Amino acid sequence: MSQELSMNLLIVVAIIWSIIWKGIALWKASRNNQWGWFIAILVINTLGLLEILYLAGFQWDKNR
């Protein structure tokens, strides 16, 4: 029972982590009119990796 609870907790944390990064990246991509990135981030689920990559180096907005 404890192993099942810890697995469920891990899944919930991963979902929250992904939603936060996805939301930030989608917001920035839409504000910068980068629709290719917007679609890619929206469709591809990478647990935040693609979103962090975009935010770290591929957005045009210099006022991050």
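## Packing of α1 and α2

The crossing of α1 and α2 is left-handed, a term used where the near helix is turned anticlockwise from the far one by less than a right angle, clockwise being right-handed. The model is predicted, with local features needing pLDDT of at least 70 and side-chain atom pairs counting only at pLDDT 80 or more, while totals for chains, interfaces and linings use all residues. Residues are numbered from 1 along each chain as its sequence is written, and side-chain values use heavy atoms, with hydrogens and water left out.

Helices are DSSP runs (H or I, at least four residues), numbered from the N terminus. The angle between α1 and α2 is about 160°, and their axes lie 8 Å apart, where axes are lines fitted to C-alpha atoms over the stretch in contact and angles run from 0 to 180 degrees between N-to-C directions. That angle makes α1 roughly antiparallel to α2 (the label applies over 145 degrees).

In this packing, Lys22, Ala25, Leu26, Ala29 and Ser30 of α1 meet Trp35, Trp37, Phe38, Ile41 and Leu42 of α2, contact being heavy atoms within 4.5 Å. By class, these residues comprise 8 nonpolar, 1 polar and 1 charged, with Ala, Val, Leu, Ile, Met, Phe, Trp, Tyr, Cys and Pro counted as nonpolar, Asp, Glu, Lys and Arg as charged, and the others, Gly among them, as polar.

## Packing of α2 and α3

For α2 and α3, the packing angle is about 155° and the axes are 9 Å apart, which makes α2 roughly antiparallel to α3. The crossing of α2 and α3 is left-handed. Here Trp37, Ala40 and Ile41 from α2 meet Leu50, Glu51 and Tyr54 from α3, a contact with 5 nonpolar, no polar and 1 charged residues.

## Ile41 in helix α2

Ile41 belongs to helix α2, which spans residues 35-43, and is buried with a relative accessible area of 0% (buried means under 20%, with a 1.4 Å probe and protein chains only). Apart from neighbours within four places in sequence, Ile41 is in contact with Lys22, Ala25, Leu26, Leu50, Glu51 and Tyr54. The C-alpha atoms of Ile41 and Leu26 are separated by 6.8 Å, although these residues stand 15 residues apart along the chain.

## The salt bridge

The structure holds 1 salt bridge, defined as a side-chain nitrogen of Lys or Arg within 4 Å of a carboxyl oxygen of Asp or Glu. The side chains of Lys22 and Glu51 form this salt bridge, at 3.0 Å from N to O. The pair links distant parts of the chain, with Lys22 in helix α1 (residues 2-31) and Glu51 in helix α3 (residues 49-57), 29 residues apart. Both Lys22 and Glu51 are buried.

Technical notes
Helix = DSSP H or I, 4+ residues; strand = E, 2+ residues; numbered from the N terminus. Buried < 20%, exposed > 50% of the residue type's maximum accessible area, 1.4 Å probe, protein only. Parallel < 35°, antiparallel > 145°, perpendicular 65-115°, else oblique.
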